[in-house]
Amino acid sequence: MQENYLAKWLNNELTEEELAAFKKSDEYASYEQIVGASNSLKAPEFDIDNALEAVKNRRTLNEPKVIGLKPFRRFLKVAAAVAVIMIGSYFYLNTLDENFTTQYAQSKEVLLPDSSKIIMNADSELSFSSRKWDKKRNVSLNGEAFFKVAKGKRFTVSTEQGTVAVLGTQFNVENRDGFFEVTCFEGLVSVTYKGKETKLPAGTSFMVIDGNIVNAEKPNSPMPSWVNKESSFKSIPLKYVLDEFQRQHNVMVETQNIDLDKVFTGTFSNTDTDLALQSISVPSHLKFKLEGNKVLFYAESAP
Amino acid sequence: MNNDTKDNVCNEEVYSELFKANSKTVFNYIYYKYGNEEKAYDAVQEAFARLWENCGKVAPAKAKAYVYTIANNLYLNVLKAEKVRLKYADRVKTTDHETPEYVMEEGEFNKKLDNALNGLPENQRITFLLNRIDGKKYAEIAEMEGVSVKAIEKRMHLALKSLRDKIEGI
(Lines give C-alpha, C1' and ligand atoms only; values in the text may rest on other atoms or scores of the structure.)
Protein backbone atom coordinates (compact mmCIF):
# COMPACT_ATOMS: atom_id res chain seq x y z
CA MET A 1 0.00 0.00 0.00
CA GLN A 2 1.41 3.41 -0.97
CA GLU A 3 2.22 6.27 1.39
CA ASN A 4 -0.74 8.24 2.76
CA TYR A 5 -3.10 5.75 1.18
CA LEU A 6 -6.03 7.08 3.22
CA ALA A 7 -5.66 10.50 1.65
CA LYS A 8 -5.28 8.94 -1.78
CA TRP A 9 -8.35 6.82 -1.15
CA LEU A 10 -10.47 9.88 -0.37
CA ASN A 11 -9.18 11.47 -3.54
CA ASN A 12 -9.90 8.36 -5.60
CA GLU A 13 -6.22 8.02 -6.40
CA LEU A 14 -5.77 4.38 -5.34
CA THR A 15 -5.07 1.82 -8.02
CA GLU A 16 -7.72 -0.87 -8.47
CA GLU A 17 -5.61 -3.47 -6.73
CA GLU A 18 -4.90 -1.18 -3.82
CA LEU A 19 -8.57 -0.30 -3.48
CA ALA A 20 -9.58 -3.95 -3.54
CA ALA A 21 -7.01 -4.81 -0.90
CA PHE A 22 -8.08 -1.84 1.25
CA LYS A 23 -11.74 -2.83 1.03
CA LYS A 24 -10.87 -6.29 2.32
CA SER A 25 -9.03 -4.92 5.35
CA ASP A 26 -10.64 -4.83 8.81
CA GLU A 27 -10.43 -1.09 9.20
CA TYR A 28 -12.16 -0.25 5.88
CA ALA A 29 -15.65 -0.35 7.41
CA SER A 30 -14.80 2.13 10.17
CA TYR A 31 -13.04 4.51 7.76
CA GLU A 32 -16.08 4.33 5.54
CA GLN A 33 -18.24 5.22 8.54
CA ILE A 34 -16.03 8.14 9.57
CA VAL A 35 -16.01 9.58 6.08
CA GLY A 36 -19.77 9.02 5.78
CA ALA A 37 -20.48 10.81 9.04
CA SER A 38 -18.10 13.64 8.27
CA ASN A 39 -19.91 14.24 5.00
CA SER A 40 -22.89 15.48 7.01
CA LEU A 41 -20.80 18.01 8.94
CA LYS A 42 -21.50 21.62 8.26
CA ALA A 43 -19.64 24.74 9.26
CA PRO A 44 -21.48 27.51 11.17
CA GLU A 45 -23.55 29.98 9.21
CA PHE A 46 -21.60 32.74 7.55
CA ASP A 47 -23.49 35.44 5.66
CA ILE A 48 -21.10 36.58 2.96
CA ASP A 49 -23.16 39.60 1.89
CA ASN A 50 -23.51 40.87 5.44
CA ALA A 51 -19.83 40.39 6.08
CA LEU A 52 -18.93 42.23 2.88
CA GLU A 53 -21.21 45.07 3.89
CA ALA A 54 -19.50 45.21 7.28
CA VAL A 55 -16.05 45.31 5.74
CA LYS A 56 -17.11 48.09 3.40
CA ASN A 57 -18.57 50.10 6.27
CA ARG A 58 -15.42 49.67 8.23
CA ARG A 59 -13.43 50.66 5.19
CA THR A 60 -15.22 53.99 4.90
CA LEU A 61 -14.55 54.61 8.58
CA ASN A 62 -10.80 54.59 8.16
CA GLU A 63 -10.88 55.56 4.53
CA PRO A 64 -7.63 57.28 3.64
CA LYS A 65 -8.92 58.30 0.21
CA VAL A 66 -10.58 61.63 -0.50
CA ILE A 67 -13.77 60.56 -2.27
CA GLY A 68 -16.15 60.55 0.67
CA LEU A 69 -14.72 63.65 2.25
CA LYS A 70 -16.25 66.46 0.19
CA PRO A 71 -19.73 66.57 1.71
CA PHE A 72 -18.08 66.55 5.09
CA ARG A 73 -16.02 69.58 4.09
CA ARG A 74 -19.19 71.44 3.24
CA PHE A 75 -20.62 70.45 6.58
CA LEU A 76 -17.45 71.73 8.23
CA LYS A 77 -17.79 75.06 6.45
CA VAL A 78 -21.34 75.48 7.68
CA ALA A 79 -20.36 74.33 11.15
CA ALA A 80 -17.48 76.82 11.22
CA ALA A 81 -19.74 79.66 10.12
CA VAL A 82 -22.33 78.75 12.73
CA ALA A 83 -19.62 78.54 15.37
CA VAL A 84 -18.28 81.98 14.43
CA ILE A 85 -21.74 83.51 14.57
CA MET A 86 -22.48 81.86 17.89
CA ILE A 87 -19.18 82.90 19.46
CA GLY A 88 -19.51 86.39 18.03
CA SER A 89 -23.02 86.86 19.32
CA TYR A 90 -22.00 85.39 22.64
CA PHE A 91 -19.31 88.03 23.07
CA TYR A 92 -21.53 90.76 21.70
CA LEU A 93 -24.34 89.87 24.06
CA ASN A 94 -21.83 89.67 26.86
CA THR A 95 -20.69 93.22 26.30
CA LEU A 96 -24.26 94.45 26.42
CA ASP A 97 -25.36 95.66 29.78
CA GLU A 98 -28.07 93.87 31.61
CA ASN A 99 -31.20 95.96 31.80
CA PHE A 100 -34.09 95.92 34.21
CA THR A 101 -37.14 98.12 34.18
CA THR A 102 -40.22 98.38 36.31
CA GLN A 103 -43.57 99.75 35.19
CA TYR A 104 -46.01 101.79 37.19
CA ALA A 105 -47.24 99.97 40.27
CA GLN A 106 -44.50 97.39 40.04
CA SER A 107 -41.37 96.64 42.02
CA LYS A 108 -38.64 94.17 41.27
CA GLU A 109 -35.74 92.50 43.02
CA VAL A 110 -32.46 92.22 41.15
CA LEU A 111 -29.62 90.02 42.29
CA LEU A 112 -26.19 91.20 41.20
CA PRO A 113 -23.29 88.88 40.33
CA ASP A 114 -21.66 89.37 43.74
CA SER A 115 -25.02 88.67 45.44
CA SER A 116 -25.60 92.29 46.19
CA LYS A 117 -29.31 92.96 46.04
CA ILE A 118 -31.27 95.78 44.49
CA ILE A 119 -34.98 96.34 45.04
CA MET A 120 -36.35 98.57 42.32
CA ASN A 121 -39.29 100.83 43.00
CA ALA A 122 -41.98 101.53 40.42
CA ASP A 123 -41.17 103.15 37.06
CA SER A 124 -37.42 102.73 37.35
CA GLU A 125 -34.65 101.65 35.05
CA LEU A 126 -31.44 99.95 36.00
CA SER A 127 -28.51 98.61 34.06
CA PHE A 128 -25.15 97.09 34.78
CA SER A 129 -22.50 95.04 33.04
CA SER A 130 -22.25 91.60 34.58
CA ARG A 131 -19.17 90.79 32.50
CA LYS A 132 -17.12 93.65 33.88
CA TRP A 133 -18.69 93.29 37.32
CA ASP A 134 -15.54 91.80 38.84
CA LYS A 135 -13.54 94.87 37.84
CA LYS A 136 -16.08 97.60 38.29
CA ARG A 137 -19.21 97.45 40.35
CA ASN A 138 -21.26 100.09 38.67
CA VAL A 139 -25.01 100.41 38.30
CA SER A 140 -26.80 103.05 36.29
CA LEU A 141 -30.09 104.10 37.76
CA ASN A 142 -33.00 106.13 36.60
CA GLY A 143 -35.76 106.10 39.17
CA GLU A 144 -35.61 104.75 42.68
CA ALA A 145 -34.00 101.70 44.15
CA PHE A 146 -32.83 100.33 47.46
CA PHE A 147 -29.37 98.78 47.50
CA LYS A 148 -28.01 96.10 49.77
CA VAL A 149 -24.38 96.00 48.74
CA ALA A 150 -22.18 93.04 49.52
CA LYS A 151 -18.79 93.94 50.93
CA GLY A 152 -16.08 94.27 48.34
CA LYS A 153 -14.70 96.81 45.92
CA ARG A 154 -16.14 100.26 45.46
CA PHE A 155 -19.77 100.09 44.42
CA THR A 156 -21.09 103.01 42.46
CA VAL A 157 -24.55 104.07 41.42
CA SER A 158 -24.50 106.49 38.52
CA THR A 159 -27.48 108.73 37.97
CA GLU A 160 -27.93 111.79 35.80
CA GLN A 161 -27.88 113.96 38.85
CA GLY A 162 -25.10 112.52 40.93
CA THR A 163 -22.97 109.54 41.71
CA VAL A 164 -23.19 107.43 44.83
CA ALA A 165 -20.21 105.39 45.93
CA VAL A 166 -20.00 102.86 48.72
CA LEU A 167 -18.02 99.89 49.87
CA GLY A 168 -20.67 97.66 51.42
CA THR A 169 -23.83 98.97 52.86
CA GLN A 170 -27.54 99.48 52.44
CA PHE A 171 -28.87 102.63 50.93
CA ASN A 172 -31.68 104.06 48.85
CA VAL A 173 -31.25 106.21 45.80
CA GLU A 174 -34.11 108.17 44.35
CA ASN A 175 -33.46 109.95 41.12
CA ARG A 176 -36.62 111.53 39.72
CA ASP A 177 -37.25 114.68 37.71
CA GLY A 178 -35.96 117.52 39.86
CA PHE A 179 -35.65 115.25 42.86
CA PHE A 180 -32.56 113.39 44.03
CA GLU A 181 -32.37 111.68 47.35
CA VAL A 182 -29.87 109.26 48.82
CA THR A 183 -30.58 107.67 52.18
CA CYS A 184 -27.97 105.60 53.92
CA PHE A 185 -29.29 102.86 56.17
CA GLU A 186 -26.05 101.10 56.99
CA GLY A 187 -22.33 101.82 56.58
CA LEU A 188 -21.04 104.91 54.84
CA VAL A 189 -22.15 106.33 51.52
CA SER A 190 -20.39 108.97 49.54
CA VAL A 191 -22.54 111.13 47.27
CA THR A 192 -21.02 113.29 44.58
CA TYR A 193 -23.41 115.96 43.46
CA LYS A 194 -22.24 118.63 41.03
CA GLY A 195 -18.60 117.69 41.73
CA LYS A 196 -19.02 118.02 45.49
CA GLU A 197 -18.62 114.96 47.62
CA THR A 198 -20.78 114.42 50.69
CA LYS A 199 -20.25 111.59 53.15
CA LEU A 200 -23.44 110.08 54.50
CA PRO A 201 -23.10 107.99 57.64
CA ALA A 202 -25.78 105.46 58.51
CA GLY A 203 -29.18 106.97 59.25
CA THR A 204 -28.78 110.12 57.19
CA SER A 205 -30.12 111.39 53.91
CA PHE A 206 -28.95 113.65 51.16
CA MET A 207 -31.68 115.38 49.26
CA VAL A 208 -31.75 117.74 46.31
CA ILE A 209 -35.01 119.33 45.25
CA ASP A 210 -35.05 121.43 42.09
CA GLY A 211 -31.29 121.81 42.21
CA ASN A 212 -31.13 122.93 45.84
CA ILE A 213 -29.57 120.79 48.52
CA VAL A 214 -32.10 120.43 51.28
CA ASN A 215 -31.56 119.34 54.84
CA ALA A 216 -33.38 116.06 54.91
CA GLU A 217 -35.08 114.42 57.83
CA LYS A 218 -33.35 111.38 59.26
CA PRO A 219 -34.87 108.09 58.24
CA ASN A 220 -36.44 106.25 61.16
CA SER A 221 -36.58 102.78 59.64
CA PRO A 222 -33.84 100.34 58.60
CA MET A 223 -35.20 100.24 55.07
CA PRO A 224 -37.00 102.69 52.81
CA SER A 225 -40.73 102.51 53.48
CA TRP A 226 -41.59 101.61 49.88
CA VAL A 227 -39.89 98.28 50.31
CA ASN A 228 -42.75 97.55 52.71
CA LYS A 229 -45.37 98.77 50.24
CA GLU A 230 -45.69 102.26 51.71
CA SER A 231 -44.43 105.62 50.58
CA SER A 232 -43.29 107.96 53.31
CA PHE A 233 -42.59 111.66 53.03
CA LYS A 234 -41.19 114.23 55.39
CA SER A 235 -41.61 117.85 54.31
CA ILE A 236 -41.62 116.99 50.65
CA PRO A 237 -43.27 119.27 48.10
CA LEU A 238 -46.66 117.98 47.10
CA LYS A 239 -45.79 117.58 43.42
CA TYR A 240 -43.22 114.89 44.20
CA VAL A 241 -45.70 113.19 46.49
CA LEU A 242 -48.30 113.15 43.72
CA ASP A 243 -45.71 111.93 41.21
CA GLU A 244 -44.94 109.06 43.51
CA PHE A 245 -48.63 108.30 43.95
CA GLN A 246 -49.01 108.20 40.18
CA ARG A 247 -46.10 105.76 39.93
CA GLN A 248 -47.25 103.48 42.67
CA HIS A 249 -50.91 103.23 41.74
CA ASN A 250 -50.70 103.70 38.00
CA VAL A 251 -53.34 106.42 38.18
CA MET A 252 -53.04 109.65 36.22
CA VAL A 253 -52.99 112.61 38.58
CA GLU A 254 -54.48 115.97 37.65
CA THR A 255 -54.63 118.99 39.89
CA GLN A 256 -56.72 122.10 40.01
CA ASN A 257 -56.01 125.24 42.08
CA ILE A 258 -53.43 123.52 44.22
CA ASP A 259 -50.13 124.87 45.48
CA LEU A 260 -47.84 122.02 44.49
CA ASP A 261 -44.86 123.38 46.42
CA LYS A 262 -46.64 122.99 49.72
CA VAL A 263 -44.77 120.42 51.73
CA PHE A 264 -46.33 117.14 52.72
CA THR A 265 -45.47 114.90 55.60
CA GLY A 266 -47.08 111.52 55.80
CA THR A 267 -47.36 108.04 54.43
CA PHE A 268 -49.56 106.40 51.85
CA SER A 269 -50.15 102.80 50.98
CA ASN A 270 -48.75 101.53 47.71
CA THR A 271 -51.39 98.83 47.44
CA ASP A 272 -54.71 100.33 48.49
CA THR A 273 -55.52 103.25 46.16
CA ASP A 274 -58.56 104.54 48.12
CA LEU A 275 -56.65 104.50 51.37
CA ALA A 276 -53.70 106.25 49.74
CA LEU A 277 -55.96 108.98 48.33
CA GLN A 278 -57.39 109.56 51.80
CA SER A 279 -53.88 109.65 53.27
CA ILE A 280 -52.85 112.38 50.88
CA SER A 281 -55.99 114.47 50.67
CA VAL A 282 -57.04 114.66 54.32
CA PRO A 283 -53.83 116.14 55.84
CA SER A 284 -53.37 118.49 52.87
CA HIS A 285 -56.99 119.68 53.00
CA LEU A 286 -57.66 118.59 49.46
CA LYS A 287 -60.56 116.94 47.75
CA PHE A 288 -60.29 114.36 45.00
CA LYS A 289 -62.40 112.77 42.35
CA LEU A 290 -61.43 109.31 41.17
CA GLU A 291 -62.71 108.40 37.75
CA GLY A 292 -61.41 105.15 36.39
CA ASN A 293 -57.74 105.61 35.74
CA LYS A 294 -57.68 109.30 36.52
CA VAL A 295 -57.81 111.27 39.73
CA LEU A 296 -58.39 114.98 40.09
CA PHE A 297 -57.17 116.78 43.19
CA TYR A 298 -58.69 120.14 43.88
CA ALA A 299 -58.70 122.62 46.75
CA GLU A 300 -61.47 122.32 49.32
CA SER A 301 -62.38 125.94 48.97
CA ALA A 302 -62.81 125.73 45.22
CA PRO A 303 -66.35 125.31 43.94
CA MET B 1 -1.53 53.90 -10.69
CA ASN B 2 -4.81 53.21 -12.39
CA ASN B 3 -7.23 51.90 -9.80
CA ASP B 4 -10.04 51.21 -12.20
CA THR B 5 -8.47 48.40 -14.18
CA LYS B 6 -10.04 44.99 -13.80
CA ASP B 7 -6.84 43.39 -12.59
CA ASN B 8 -6.51 45.61 -9.58
CA VAL B 9 -7.83 44.77 -6.12
CA CYS B 10 -8.73 48.45 -5.63
CA ASN B 11 -11.46 47.95 -8.19
CA GLU B 12 -14.73 47.51 -6.29
CA GLU B 13 -15.89 44.64 -8.48
CA VAL B 14 -12.64 42.74 -8.23
CA TYR B 15 -12.60 43.26 -4.51
CA SER B 16 -16.19 42.08 -4.05
CA GLU B 17 -15.51 39.01 -6.17
CA LEU B 18 -12.47 38.16 -4.08
CA PHE B 19 -14.50 38.58 -0.96
CA LYS B 20 -17.35 36.41 -2.17
CA ALA B 21 -14.97 33.70 -3.32
CA ASN B 22 -12.78 33.53 -0.24
CA SER B 23 -14.41 35.00 2.86
CA LYS B 24 -16.40 31.88 3.74
CA THR B 25 -13.32 29.70 3.55
CA VAL B 26 -11.27 32.14 5.59
CA PHE B 27 -14.04 32.08 8.14
CA ASN B 28 -14.16 28.28 8.24
CA TYR B 29 -10.40 28.00 8.25
CA ILE B 30 -10.05 30.13 11.36
CA TYR B 31 -13.05 28.43 12.89
CA TYR B 32 -11.62 24.92 12.38
CA LYS B 33 -8.38 26.14 13.79
CA TYR B 34 -9.59 27.75 17.00
CA GLY B 35 -13.23 26.75 17.29
CA ASN B 36 -14.24 30.37 17.91
CA GLU B 37 -16.95 31.75 15.63
CA GLU B 38 -16.57 35.35 16.74
CA LYS B 39 -12.83 35.34 16.23
CA ALA B 40 -13.32 33.75 12.84
CA TYR B 41 -15.69 36.54 11.83
CA ASP B 42 -13.28 39.20 13.10
CA ALA B 43 -10.45 37.56 11.21
CA VAL B 44 -12.40 37.83 7.96
CA GLN B 45 -13.11 41.51 8.65
CA GLU B 46 -9.53 42.27 9.56
CA ALA B 47 -7.99 40.36 6.69
CA PHE B 48 -10.20 41.93 4.04
CA ALA B 49 -9.90 45.40 5.52
CA ARG B 50 -6.14 45.08 5.30
CA LEU B 51 -6.45 43.81 1.76
CA TRP B 52 -8.32 47.00 0.87
CA GLU B 53 -5.76 49.19 2.59
CA ASN B 54 -3.03 47.53 0.57
CA CYS B 55 -5.09 46.94 -2.58
CA GLY B 56 -2.54 48.75 -4.70
CA LYS B 57 0.29 46.50 -3.54
CA VAL B 58 -1.41 43.12 -3.74
CA ALA B 59 -2.06 41.56 -7.13
CA PRO B 60 -5.45 39.82 -7.44
CA ALA B 61 -3.70 36.47 -7.90
CA LYS B 62 -1.89 36.94 -4.59
CA ALA B 63 -4.92 38.30 -2.74
CA LYS B 64 -6.14 34.90 -1.58
CA ALA B 65 -2.81 33.94 -0.03
CA TYR B 66 -2.60 37.45 1.42
CA VAL B 67 -5.89 37.25 3.33
CA TYR B 68 -5.03 33.75 4.65
CA THR B 69 -1.71 35.00 5.92
CA ILE B 70 -3.32 37.98 7.65
CA ALA B 71 -6.13 35.88 9.16
CA ASN B 72 -3.71 33.22 10.22
CA ASN B 73 -1.24 35.58 11.86
CA LEU B 74 -3.95 37.51 13.63
CA TYR B 75 -4.37 35.05 16.49
CA LEU B 76 -1.04 33.35 16.23
CA ASN B 77 -0.04 33.82 19.82
CA VAL B 78 -3.35 34.75 21.36
CA LEU B 79 -5.54 31.72 20.94
CA LYS B 80 -3.17 28.82 21.27
CA ALA B 81 -4.16 28.06 24.82
CA GLU B 82 -7.90 27.81 24.27
CA LYS B 83 -9.36 24.37 24.08
CA VAL B 84 -11.13 23.77 20.83
CA ARG B 85 -14.79 22.85 20.95
CA LEU B 86 -16.23 22.94 17.51
CA LYS B 87 -19.94 23.15 16.99
CA TYR B 88 -21.44 22.43 13.66
CA ALA B 89 -24.53 23.70 12.03
CA ASP B 90 -27.36 21.17 11.87
CA ARG B 91 -26.14 18.01 10.29
CA VAL B 92 -27.53 17.22 6.92
CA LYS B 93 -29.70 14.13 7.07
CA THR B 94 -28.52 11.70 4.48
CA THR B 95 -31.43 9.26 4.59
CA ASP B 96 -34.90 9.54 6.00
CA HIS B 97 -35.90 5.90 6.42
CA GLU B 98 -34.08 5.05 9.58
CA THR B 99 -34.83 2.72 12.45
CA PRO B 100 -34.71 4.26 15.93
CA GLU B 101 -31.71 2.06 16.74
CA TYR B 102 -29.91 3.39 13.76
CA VAL B 103 -30.71 6.98 14.71
CA MET B 104 -29.38 6.36 18.19
CA GLU B 105 -26.25 4.67 16.97
CA GLU B 106 -25.70 7.42 14.51
CA GLY B 107 -26.05 9.99 17.30
CA GLU B 108 -23.53 8.13 19.42
CA PHE B 109 -21.15 7.87 16.55
CA ASN B 110 -21.45 11.56 15.69
CA LYS B 111 -20.67 12.48 19.28
CA LYS B 112 -17.57 10.32 19.21
CA LEU B 113 -16.55 11.84 15.90
CA ASP B 114 -16.97 15.37 17.28
CA ASN B 115 -14.81 14.57 20.27
CA ALA B 116 -12.20 12.96 18.11
CA LEU B 117 -12.15 15.99 15.82
CA ASN B 118 -11.74 18.34 18.76
CA GLY B 119 -8.79 16.29 19.92
CA LEU B 120 -6.99 16.33 16.57
CA PRO B 121 -3.86 18.42 16.13
CA GLU B 122 -4.81 21.79 14.67
CA ASN B 123 -3.27 21.29 11.21
CA GLN B 124 -4.84 17.84 10.75
CA ARG B 125 -8.26 19.11 11.77
CA ILE B 126 -8.04 22.06 9.37
CA THR B 127 -7.02 19.85 6.51
CA PHE B 128 -9.67 17.23 7.23
CA LEU B 129 -12.54 19.69 7.63
CA LEU B 130 -11.58 21.92 4.72
CA ASN B 131 -11.59 18.83 2.58
CA ARG B 132 -14.74 17.20 3.95
CA ILE B 133 -16.92 20.27 4.62
CA ASP B 134 -15.67 22.79 2.12
CA GLY B 135 -14.67 20.29 -0.51
CA LYS B 136 -11.27 21.88 -0.91
CA LYS B 137 -8.73 19.99 -2.97
CA TYR B 138 -5.42 19.05 -1.33
CA ALA B 139 -3.67 21.51 -3.63
CA GLU B 140 -5.89 24.37 -2.47
CA ILE B 141 -5.34 23.53 1.18
CA ALA B 142 -1.62 23.32 0.52
CA GLU B 143 -1.72 26.82 -0.95
CA MET B 144 -3.60 28.18 2.06
CA GLU B 145 -1.28 26.59 4.53
CA GLY B 146 1.80 27.37 2.50
CA VAL B 147 3.02 23.76 2.48
CA SER B 148 3.39 21.04 -0.16
CA VAL B 149 0.50 18.88 -1.41
CA LYS B 150 2.34 15.88 -0.02
CA ALA B 151 2.35 17.40 3.44
CA ILE B 152 -1.41 17.90 3.19
CA GLU B 153 -1.86 14.28 2.11
CA LYS B 154 0.14 13.24 5.10
CA ARG B 155 -2.01 15.33 7.41
CA MET B 156 -5.15 13.90 5.85
CA HIS B 157 -3.89 10.37 6.24
CA LEU B 158 -2.91 10.94 9.87
CA ALA B 159 -6.18 12.70 10.58
CA LEU B 160 -8.24 9.74 9.38
CA LYS B 161 -6.01 7.33 11.22
CA SER B 162 -6.21 9.10 14.56
CA LEU B 163 -9.97 9.68 14.16
CA ARG B 164 -10.43 5.94 13.77
CA ASP B 165 -8.11 5.24 16.69
CA LYS B 166 -10.03 7.59 18.92
CA ILE B 167 -13.49 6.43 17.87
CA GLU B 168 -12.63 2.75 18.18
CA GLY B 169 -10.93 3.46 21.47
CA ILE B 170 -7.63 1.97 20.40
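Guide: Two strands pair if DSSP finds at least two bridges between them. Helices (H or I, at least four residues) and strands (E, at least two) are DSSP runs, numbered from the N terminus.
Visitor: What kind of model is this?
Guide: It is a predicted model; local features need pLDDT of at least 70, side-chain atom pairs count only at 80 or more, and totals for chains, interfaces and linings use all residues. Residues are numbered from 1 along each chain as its sequence is written, with chains lettered from A and ligands numbered from 1 in the order written.
Visitor: Which strands make the open sheet in chain A, and in what order?
Guide: Three: β15-β18-β17, with mixed pairing.
Visitor: Why do β15 and β17 have a side without a neighbour?
Guide: β15 (252-256) and β17 of chain A stand at the edges, each with a single partner strand, so one side of each has no neighbour in the sheet.
Visitor: How do β15(A) and β18(A) pair, parallel or antiparallel?
Guide: Parallel, over five bridges. A:T255 faces A:F297 in β18(A).
Visitor: And β17 with β18 of chain A, parallel or antiparallel?
Guide: Antiparallel. Six bridges join β17 (residues 286-291) to β18 (residues 294-299). A:K287 has A:Y298 in β18(A) as its bridge partner.
Visitor: What sits in the hairpin of β17(A) and β18(A)?
Guide: Two residues lie between the strands, and A:G292 takes a positive phi near 60°.
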